[in-house]
Amino acid sequence: MNVREMLLDWLFPSNIYCICCGNLIDKSRTYALCDQCLGTIHWANDRTCIKCGKILADTERRRLLDELGEGQHLCADCRHNTHYFDRGFTCMQYGSMEKEMIHRFKFNGCAYMGDKLGNILLDKILLENLSVDVVTAVPMHSKNQLKRGYNQSALMAKVVAKGLGVVYNDQVLIRKQYKAPMNKLDAEQRASNVKNSYGIHPKFGCFQNQSILLIDDIYTTGSTADECSRLLKEAGAENVYVLTLAAGAD
Ligand SMILES: [Zn+2]
Ligand SMILES: [Zn+2]
């Protein structure tokens, strides 16, 4: 914890309020979530896309695909588009409740939530038994990070790296230029928005034969994850896995 994080933890003590609804909880609660939120969050425990990790929608079309035995393990996006990362994993579906929780984490100075949410990510990835050499996070532009005081993805990534017992490297990817927030853009606009937004730090230009786990908060169209994965692969990474807290619907 840096000084700012310590100060925020003092102002907003962890483990006293549910990180999702804000209700009082006792300190022993898993992930600092109350029973109701633990039960209401749309966890990615059902069928997920074998490529990006999104929860697969239980639709008539999927049932038909199941019967035909065609592409039933891929989401609509991954059936039509290729991705640079090898596999993606997510912990929950990005619904209104999850959105509110992540919004509080990012915009309300609740840096302490990084610890709790990082543990959710860690438990998710431990189940996958992946061999990982380096954990890194999608970087923020320094201007934004200065304003917020922390990079939410980096806070979670540190917890994951520590839990996996591997190196955390927050300098490998760099955010080159400031771009408009992406939440109102469609897939095509997002893709062009991230183009040339990221780069690899020249000091960390070689990841030959390494497996990298990239952490981000939200997976929507996958454009950010793809661009960062493309760069990491260019730098020699053998495998790039993407782990996010929440992903959009199939
Ligand atoms: Zn709650
Ligand atoms: Zn997918």
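Predicted model: local features only at pLDDT ≥ 70, side-chain atom pairs only at ≥ 80, totals over all residues.
Because Lys-233 belongs to helix H10 (residues 223-234), whereas Asp-86 sits in the loop between helix H4 (76-80) and strand S1 (87-93), the pair ties together parts that are 147 residues apart in sequence. Lys-233 is likewise partly exposed, its relative accessible area being 27%.

The side chains of Asp-66 and Arg-47 meet in one of them, at 3.0 Å from N to O. This pair links distant parts of the chain, with Asp-66 in helix H3 (residues 60-68) and Arg-47 in the loop between H2 and H3, 19 residues apart. Asp-66 counts as partly exposed because its relative accessibility is 31%, and Arg-47 falls into that class at 36%.

Arg-63 is partly exposed, with 36% relative accessibility, whereas Glu-60, at 59%, counts as exposed.

## The zinc site

The zinc ion (ligand 1) is coordinated at 2.3 Å by the SG atoms of Cys-18, Cys-21, Cys-34 and Cys-37. Along the chain, the donors of this ion follow the spacing C-x2-C-x12-C-x2-C. Cys-21 lies in the loop between helix H1 (3-11) and helix H2 (35-40), while Cys-37 lies in helix H2, so that this pair ties together parts 16 residues apart in sequence.

What arrangement do the four donor atoms around the zinc ion adopt? The angles that they subtend run from 103 to 117 degrees, and the arrangement is therefore tetrahedral. For comparison, the ideal angle for four tetrahedral donors at a metal is 109.5 degrees.

Two of the coordinating cysteines can also be described by their accessibility. Cys-37 is buried, with a relative accessibility of 5%, whereas Cys-21 is partly exposed, at 35%; the cut-off for a buried residue is under 20% relative accessible area, which explains why Cys-37, at 5%, is placed in that class.

Methods:
Residues numbered from 1 in each chain as written. Chains lettered and ligands numbered in written order. Heavy atoms only, no water. Donors = N, O, S within 2.8 Å, 3.2 Å for Na, K, Ca; no water. Tetrahedral: all angles 85-135°; square planar, octahedral: opposite > 155°, others 65-115°. Helix = DSSP H or I, 4+ residues; strand = E, 2+ residues; numbered from the N terminus. Buried < 20%, exposed > 50% of the residue type's maximum accessible area, 1.4 Å probe, protein only. Salt bridge = Lys/Arg side-chain N within 4 Å of Asp/Glu carboxyl O.
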